[in-house]
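Please keep the sequence and the model at hand while reading.

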Amino acid sequence: MKQNPQMLVERVDAVTIRFAGDSGDGMQLTGNQFTSVTALSGNDLATLPDFPAEIRAPAGSLPGVSGFQLQFADHDIFTPGDAPDVLVAMNPAALRTNLASLAPGGILIVNADAFTPANLKKARYDTNPLEDGSLAGYRVHTIPLTSLTPQTLVDSDLGKKDRDRAKNMFALGLMCWMYSRPTEPIIARIRATFASRPAVAEGNLAVFRAGVAFGETTEVFAHAYEVAPAKDMPPGRYRQITGNLALAYGLMAAAERARLPLFLGCYPITPASDVLEELARHKRFGVRTFQAEDEIAGVGAALGASFAGHLAATVTSGPGIALKSETLGLAVSVELPLIVVNIQRGGPSTGLPTKTEQTDLLQAMFGRNGEAPMPIIAAATPGDCFDAAVEAARIAITYRTPVMLLSDGYLANGAEPWLIPDIDGLVDLSVLVNFANADESGDFQPFRRDPRTLARPWAIPGVTGLEHRIGGLEKADGSGNISYEPDNHHRMTLLRQAKVDRIADDLPALTVDEGDGAPRVLVLGWGSSRGPIEAAVRRVRRRGMAVARAHLRHLNPFPSNTGEVLAAYDRVLVPEMNMGQLSLLLRARYLVDVRGYNHVTGQPFTAGELEQAIVEHVKEQSWHAP
Amino acid sequence: MARTLTRADFKSDQEVRWCPGCGDYAILATIHSVLAELGVPRERCVVVSGIGCAARLPYYTDTYGFHGIHGRAPAIATGITSARPDLQVFVITGDGDALSIGGNHLIHALRRNANMTIVLFNNQVYGLTKGQYSPTSEVGKVTKSTPAGSLDHPFNPVSVALGAEATFVARSIDNERAHLAATLEAAARHKGTSFVEVYQNCNVFNDGAFDAVRGNRANQIRLEHGEPIRFGDHGEHGVVLCDEAQLEIVDVVDGDEGALLVHDAHREDPSLAFALSRLSHTPRGPTPIGLFRQVSRPVYGTELQRQIDEAVGLRGTGDLGALLAEGDTWTVGA
């Protein structure tokens, strides 16, 4: 786009912006629009939407603040950034709740009109921060967004409500100008969003253009910035994707590669509902979605569909898993394929529904009665949710077992550029389906196992000679008849465990990113903390320290070389957004004194805090050097 | 050409383990006969159950079977029948399983109208857990868990089903083989969720609970579609709709049926069927037996398939590669 010719355009390699406003101000929409156009500009990016659980808290109140942060860069980045370089605060409450994060000397853009006595009071300000000198450490731009907005709408037919709402478009326009984003895609998107209300579309566009023009023509800004496209991304065609969308696509891809219809039994829950909603849109792919009366019915129907020969999944969050536990035990007992997705959120109980945590690992591992082993895998980035879903399906189908796939709120709503995969290049799951064939001998053994995988036959209704009964009562090894025989129960317990353990032979080895030097400290992560860990490790290395990094996708069973990897380092540091759940498992399994870095805030780790933690461990190890 | 199946073909090789004298035996035998009568191949038949004495029935039936968990059979069956509308699906349940722990799933299965036949064995007591009161037990029932008498107001299963707007609701009795068989067969042939309450005698924990109507035709109000509702040894009683919008039992004078209610099982509005179900809240007095309601409503699994077919018809089978590349994309050069 054209810049003011007198204006200097400064090149920067990475920028973090946070939009913050009232939950009615359209901050998520603004953030998403800015993200889309940034993705199209070829930057690497990561986003962190952060919104309240309440649909609409009282306007201007502190709990009602909704935020959207993104980092974009001319190189590969792993996080939505620690401290924003730019904070757009639409009202005093947004300023109060977000100012502490803003980098020293950062750019602060505030909607001056919103700093009324009433709003200041709601935000618990005794004096107006725009006037009392408390913002001296920042580059503050006070812009009367609310009053400028209607000026651009004098010719518009928009009602007052729509006019007030449109002020977020001013902020978006201004940011697009400031970071040299192309405006055409946003214009197209706004038109598409309000296709059924052209007046609203044009009104919003007018405000958006006014925001761009404001940046261009006023002299309050010293310069605009430019962030070049990312250099080091693998070649190919990209799109922007969130974890929940990638997960929905991953389930569809798994079904296509298995040549099975997809069945999703679900009950709406934050932050998992998007997956249900997305899959419900794709009926022409043969996808069946079933919104059940509760979580128990959701997973029950999925298990029924699996029995009937569909690729079945249920998608929920921790409290939903708690309700599904009994059915998951049944799924372990009947040995049918089932993909169980847990998009973790803050707990315990209802906890922090819109915030993120990694606190359900032990629930996934042990949250059932009896010895009920279940494979567990975890997605690491938003785009990786796609691959994780395909991998969950592969294990579920191959081993005839429920598989727990762990995602979390950060991955679910966060976005990143995604290299669009070639579907035909994905693993062929259809050869693994291998439904049992008709049997005329009258001696079908529903629990006779494949000697390699220990999987039992997937015998679906409709096939002559395979009539059989399954259920939660213990089955006799082989025949599947009810058995209360003590030794049989012991044998079946061992077989079910051996079946899960054996998956380890079928997993890629845990790889270690050694970096330079001879690291004595290994940082081991799982799930969504991969980005912050990778960013932190990079920073530690830049400081000249050697540190190794590894990331677990498979948490049950662990890759077979996990013990060796752990033993190869003097210290293993495991950062987790929980109180040490993976640490507990590793210590128990490998008798290694792993150290935890544990922080449960509902927010993803920042690279900065992990950098500090890692540096401490590296220093401590060097003091203990032999 | 497959040979015609008989009742014996549906008996599994598993030893039946119910108490001697249990009403379940008669129901099991009747279900086997009905399966043979339906002409559905064994491999296309799936019997799903929850937990309880009745829930063991799938093991004794040589079809596909799924013994699930307490109260959840309708959910599992909904998954099976939604995935595979070609299957004949039965849900076998008891009063505790269906109306207590599974009450939620039962009402939603009924309103949703997925294609399955729910057979509820009602013995007004918990059998498998050895004799606690159930959601159909009468107030004041003394059991091991209610030594001073139960305080809970009981459910009338037929009223519950009609309240949930089930499209097929009937009641029968374990030892009335012909009536039970005809009722179950009609239920199995019904498109959608059919619900059959069967009075079942638990001779160990609640013997004789239904003696007032079981084997006492004089006390049974046999519902026949299109017929005036009369009962008694000589049809000396009848049912009329009185001014207060409720049903009343009257004497039939000189065989005059003029004022009697003519049973219409296919009436869309369930109000009269519901009123009939209230004639006997617990089966101590004259109790309606037979088909209360059968109406036609879209079937869940069929509708799901229709939506898929329509979507494919409108825009063709989905192309996943194209879907993934939809919207704004950009290319990073090699």
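## A strand and its neighbours

In strand 11 (residues 288-291) of chain A, F290(A) is the bridge partner of G265(A), where strands are DSSP runs of E with at least two residues and helices are DSSP runs of H or I with at least four, both numbered from the N terminus.

Together with helix 10 (residues 273-280) of chain A and strand 11 of chain A, strand 10 of chain A makes a right-handed β-α-β unit, right-handed meaning that, with the strands pointing away from the viewer, the path from the first strand over the helix to the second runs clockwise.

## Basis of the model

This is a predicted model, in which local features need pLDDT of at least 70 and side-chain atom pairs count only at pLDDT 80 or more, whereas totals for chains, interfaces and linings use all residues. Residues are numbered from 1 along each chain as its sequence is written, chains are lettered from A and ligands numbered from 1 in the order in which they are written, and side-chain values use heavy atoms, with hydrogens and water left out.

A253(A), in helix 9 (residues 243-258) of chain A, is buried with a relative accessible area of 0%. Leaving aside residues up to four places away in sequence, A253(A) touches F386(A), V390(A), I423(A), L426(A) and L320(B), contact meaning heavy atoms within 4.5 Å.

E467(A) lies in the loop between helix 16 (430-433) and strand 17 (469-471) of chain A, and its contacts include R42(B), D62(B) and Y64(B). E467(A) is buried yet has no salt bridge, the nearest side chain of opposite charge, R42(B), being 4.3 Å away; a salt bridge requires a side-chain nitrogen of Lys or Arg within 4 Å of a carboxyl oxygen of Asp or Glu. The side chain of E467(A) does reach the backbone nitrogen of G465(A) at 3.2 Å, and a polar atom of that side chain lies 3.4 Å from the backbone nitrogen of E43(B).

## Salt bridges

Over all chains, the count comes to 41 salt bridges. One of them joins R549(A) and D513(A) at 3.4 Å, N to O; because R549(A) lies in strand 20 (residues 548-552) and D513(A) in strand 18 (residues 512-513) of chain A, the pair ties together parts that are 36 residues apart in sequence. R549(A) is buried at 12% relative accessible area, whereas D513(A) counts as partly exposed at 28%.

R549(A) also forms a salt bridge with E534(A), the closest N and O atoms being 3.7 Å apart, and both residues are buried. Salt bridges that share partners join D513(A), R530(A), E534(A), R541(A) and R549(A) into one network.

Technical notes: Two strands pair if DSSP finds at least two bridges between them. Buried means under 20% relative accessible area, exposed over 50%, partly exposed in between (1.4 Å probe, protein chains only). Lys and Arg count as positive and Asp and Glu as negative; His and the chain ends are not counted. A polar contact is a pair of N or O atoms within 3.5 Å; within protein, one must be able to donate a hydrogen and the other to accept it, and residues adjacent in sequence count only if both atoms are side-chain atoms.
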